[in-house]
Amino acid sequence: MSPQEIAQNAEKALLYEVVTNPKPGLVDPADRGPHPDMDVYLFINSSLSLGEYFRQAAKIGTNFTETDLREMFKKLRQAGIQAEKTMFEATKKINTHKGAIFSLGLFVCASAYCQRHRNLDEFEVISKMTQGLVKHDLGQKSDTAGERQFLKYGKGGVRAEAEAGYPIVKNVALPFLAKSTGELNTRLLDTLMKIVSQIEDSNLIKRAGNIQVVEWSHEQAEKYLDLGGYGTAAGKEFMQELNQTFKEENYSLGGSADLLIITIFMALQKNII
């Protein structure tokens with residue numbers, strides 16, 4: 001697979017995620033959810049603005065020849081800084097895909113690297129790329145929500161997930177999506193809720209202002225899945241109710257959305273969808 005094809009799958013992953021609906025706590029074509037400053041068109045603009053970044057990330061992975069993969073991550077992070085500026089220009093300073101720039105960028109870079117090192121997989125490469133990231137980035141200051149949550153709750157968020165090689169994607173979300181059947185929208189909604197059933201979503205914690213909301217979100221997602229998911233009348237009805245609850249409570253599932261995006265990307269890479 002060429003760097004161009006890998007980058008294109010990244011753009012597809014962003015677009016597949018935003019058109020999937022109805023997603024509680026997230027923007028989709030039918031609903032802004034708890035994000036009054038966003039809509040689906042903004043996400044499309046944002047997604048397309050990141051095409052050059054994904055091509056750059058793929059080239060970094062393709063051309064990297066050193067042994068310390070943390071150096072590859074440093075190169076990617078520099079590209080990511082510029083990508084954030086490009087995104088904010090496209091969205092008029094609204095944060096649509098900052099989390100995806102980090103996570104999806106990692107997967108694009110790692111996937112391109114794995115094209116030349118077939119004895120490795122993306123998850124292993126990412127773990128090596130981000131070794132020591134939590135210790136380096138968190139614990140000293142409290143400028144961002146992620147830093148404040150680490151100081152308050154000891155949660156490493158997306159950085160810890162990356163250092164561990166995204167086990168929730170590798171061991172839970174991707175196998176779940178691979179086994180799922182039916183319309184793609186239903187499969188992706190059910191996969192999102194499978195992620196929600198297990199993740200400690202930093203966006204949700206930030207919006208709720210407490211960590212107890214995590215247990216509640218797990219219970220809601222498990223109930224939805226127990227009802228049979230979006231392919232059943234009961235699951236569909238419950239999802240609509242949950243969508244309304246998230247709007248009323250002003251809850252967001254941005255962290256879960258980012259994990260769905262990289263799950264979609266890996267599914268495209270592996271021809272699962």
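This section describes helices, helix packing, aromatic contacts and backbone exceptions in a predicted model. Residues are numbered from 1 along each chain as its sequence is written, and side-chain values use heavy atoms, with hydrogens and water left out. Because the model is predicted, local features need pLDDT of at least 70 and side-chain atom pairs count only at pLDDT 80 or more, whereas totals for chains, interfaces and linings use all residues.

Helices are DSSP runs of H or I with at least four residues, and strands are runs of E with at least two, numbered from the N terminus. The expected span of a helix is taken as 1.5 Å times one less than its number of residues. Helix H1 covers residues 3-19, and its 17 residues should span 24 Å at 1.5 Å a residue; the end C-alpha atoms are 25 Å apart, which agrees. Relative accessible area was computed with a 1.4 Å probe on protein chains only, and residues are called buried under 20%, exposed over 50% and partly exposed in between. In H1 the buried residues are Ile6, Ala7, Asn9, Ala10, Glu11, Ala13, Leu14, Glu17 and Val18. An α-helix has 3.6 residues a turn, so residues three or four places apart point the same way. The partners against which the buried residues of H1 pack are helix H2 (40-49), helix H3 (51-63), helix H5 (98-116) and helix H15 (254-269).

Helix H5 has 19 residues and reaches 28 Å from its first C-alpha to its last, close to the 27 Å expected at 1.5 Å a residue.

Two packed helices are described by the angle between their axes and the distance between the axes. Axes are lines fitted to C-alpha atoms, for helices over the stretch in contact, with angles from 0 to 180 degrees between N-to-C directions. A crossing is left-handed if the near helix is turned anticlockwise from the far one by less than a right angle, and right-handed if clockwise. Contact means heavy atoms within 4.5 Å. H5 and H6 pack at about 115° with their axes 9 Å apart, and the crossing is right-handed. On the H5 side the residues involved are Leu106, Phe107, Cys109, Ala110, Ser111, Tyr113 and Cys114, which meet Glu122, Phe123, Val125, Ile126 and Met129 in H6. For H2 and helix H4 (residues 69-91), the angle is about 150° and the axes are 9 Å apart; this crossing is right-handed. Here Leu42, Asn45, Ser46 and Ser49 of H2 meet Thr86, Met87, Ala90 and Thr91 of H4. Tyr41, also in helix H2, is exposed at 60% relative accessibility. The C-alpha atoms of Tyr41 and Thr91 are separated by 9.8 Å, although the residues are 50 apart along the chain.

Rings of Phe, Tyr and Trp (its six-membered ring) pair if their centres lie within 6.5 Å; planes under 30 degrees apart count as stacked, over 60 as edge-to-face and the rest as tilted. The structure holds 8 aromatic pairs. One of them, between Trp216 and Phe246, is tilted, at 5.6 Å centre to centre and 40° between the planes. Trp216 lies in helix H13 (residues 213-226) and Phe246 in helix H14 (residues 233-249), so this pair ties together parts that are 30 residues apart in sequence. Trp216 is partly exposed, with a relative accessible area of 25%, whereas Phe246 is buried at 2%.

Phe107, Phe123 and Tyr166 are linked by ring pairs into a cluster. Phe123 is found in helix H6 (residues 122-129) and is buried at 5% relative accessibility. Leaving aside neighbours within four places in sequence, the contacts of Phe123 are Phe107, Gly165, Tyr166, Val169, Lys170, Leu174 and Met266.

A charge sits over a ring if NZ of Lys or CZ of Arg is within 6 Å of the ring centre and within 35 degrees of the ring normal. The charged end of Lys236 sits over the ring of Tyr230, 5.0 Å from its centre.

Most residues other than glycine have a negative phi, and most peptide bonds are trans. Asn21 and Pro22 are joined by a cis peptide bond with omega about 0°, and Pro22 is in the loop between H1 and H2. Lys92 has a positive phi near 55°; Lys92 is placed in the loop between H4 and H5 and is exposed at 71% relative accessible area. Asn271 has a positive phi of about 60°, lies in the segment after H15 and is exposed at 66%.
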